[in-house]
Structures are given as C-alpha cells and as structure tokens.
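Here's a quick walk through a few spots worth a look. Have the model open and follow along.

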Amino acid sequence: LAKNLKRVRSWADKAGVSCYRLYDADMPEYAFAIDVYRTVEPEESWLYVQEYAAPAEIEEEAVRRRRGEVLATLPGVTGVPPERIKARTRRRTPRGEQYGKVEEEVRFHTVLEGGLRFLVNFDEYLDTGLFLDHRTTRARLRDAAAGRRFLNLFAYTGTATVYAAAGGAAATTSVDM
C-alpha cells in the first residue's frame, strides 16, 4: 500500500487528479479495491474501500480477519483517519438486479477531475457515483464533443454528460432508469 501510494499520489498530483485507485485486489487473499478521494472545501482525504465478496469456501473468520487487517492498516499507511474510511462489500447479484441504497444519509463532497467539479456520496450507495476507471473515456468524450449533440442513455450521475458539455457540446440529453 505504501509503495502504491507513493507512486500513484505522485502521478495524481502531476495530472491534477484528486481521485484515484490505490489498490485493486493486487494480492488474491486481499480482495479489495481501495480508492482515494481528495475533497475540496474542506480539503481532506477519504478512502472508499470495496471488498469483493469471498467465495463460499473461504471461512467467514478468515474474511473478517482480512477485513480487520486492511481497515486497521489503512490509517497508518495513508494518514486518513478511520472516520473518513468508508467500507462496502461487493457481491454478485442476479442478472438485472441492482444495488439499492445502503443508508439514507445524503451528504455530498466535492472532488475535482479534469478541471471539473463533481459531488460524490460516500454513504448512500455501494459506489460514489464517480467511476474512476472511466476517467479516460470521459476525457475522450470531452475532446470529441465540440459542436455535437450528446445523448447519454446510461447517465447514472451524469458525469459523461458534464464532460461533453465542458467540451462544447451543442446540446446534451441524459437518460437513466
């Protein structure tokens, strides 16, 4: 984690990126995705920890121990206090089923990506609404949008639409369930 943090933080600082993946199940026995979110106003770091549900053959005690090790290690390695570390578990869902709300607490935090501001929510859902692995796709949309009409049929939180508008799209329409 410390090695990843040093490497990725350096890249993020140079690229002007405030949200990035620190760890993605690099070791099979620690099946976690750990994302860093640096917010503005107030300027602070948050960790969003997603545990990939263990297969049924893994003993529950081993799962709890590993989760405990990860959550206990993160504050010391990253400097992020435990109250700003949010943990979720990703489980396989039947086809077509979506994750619902986890909590009813609506508290948004502002982050920056590509010179744009986005609101993320660490509490309500399984994800924050800003998919970090889609950053390159959003940037490509911005580059291609000038003067075009943009239709986003899988809008979710609308981040792709924001990028298209920032790229000079003549019009945007966003649709989701």
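Where is Arg84 found? Look in the loop between helix 2 (60-78) and strand 4 (85-90). Keep in mind that this is a predicted model.

Leaving aside residues up to four places away in sequence, Arg84 touches Glu44, Ser45, Trp46 and Leu47. For Ser45 there's a polar detail to check: its backbone oxygen sits 2.8 Å from a polar atom of the Arg84 side chain.

## Glu113 in strand 5

Next stop is Glu113, which has its place in strand 5 (residues 108-113). Is Glu113 buried or exposed? Its relative accessibility is 1%, so it counts as buried, the cut-off being under 20%.

Who's around it? Not counting residues up to four places away in sequence, Glu113 touches Phe118, Leu130, Arg135, Arg138 and Tyr163. With Tyr163, the link is a side chain to side chain polar contact at 2.7 Å. Ala15 is 98 residues from Glu113 in sequence, yet the two C-alpha atoms are 9.5 Å apart in space.

## The second largest pocket

Now for the second largest pocket, with a volume of about 330 Å³. It is lined by 19 residues, and the closest to its centre are Arg21, Asp35, Phe131, Leu132 and Asp133. Strand 1 (19-24), strand 2 (32-40) and strand 3 (44-52) are the elements that each give two or more residues to this lining.

Key. Residues are numbered from 1 along each chain as its sequence is written. This is a predicted model: local features need pLDDT of at least 70, side-chain atom pairs count only at pLDDT 80 or more; totals for chains, interfaces and linings use all residues. Side-chain values use heavy atoms; hydrogens and water are left out. Helices (H or I, at least four residues) and strands (E, at least two) are DSSP runs, numbered from the N terminus. A polar contact is a pair of N or O atoms within 3.5 Å; within protein, one must be able to donate a hydrogen and the other to accept it, and residues adjacent in sequence count only if both atoms are side-chain atoms. Contact means heavy atoms within 4.5 Å. On a 1 Å grid over the protein atoms alone, a cavity is a set of points where a 1.4 Å probe fits but cannot get out, and a pocket is an open set with protein on both sides within 12 Å along at least five of seven lines; lining residues have an atom within 4 Å of a point. Grid points are joined across faces, edges and corners, and a volume is the space filled by probe spheres set on the points. Buried means under 20% relative accessible area, exposed over 50%, partly exposed in between (1.4 Å probe, protein chains only).
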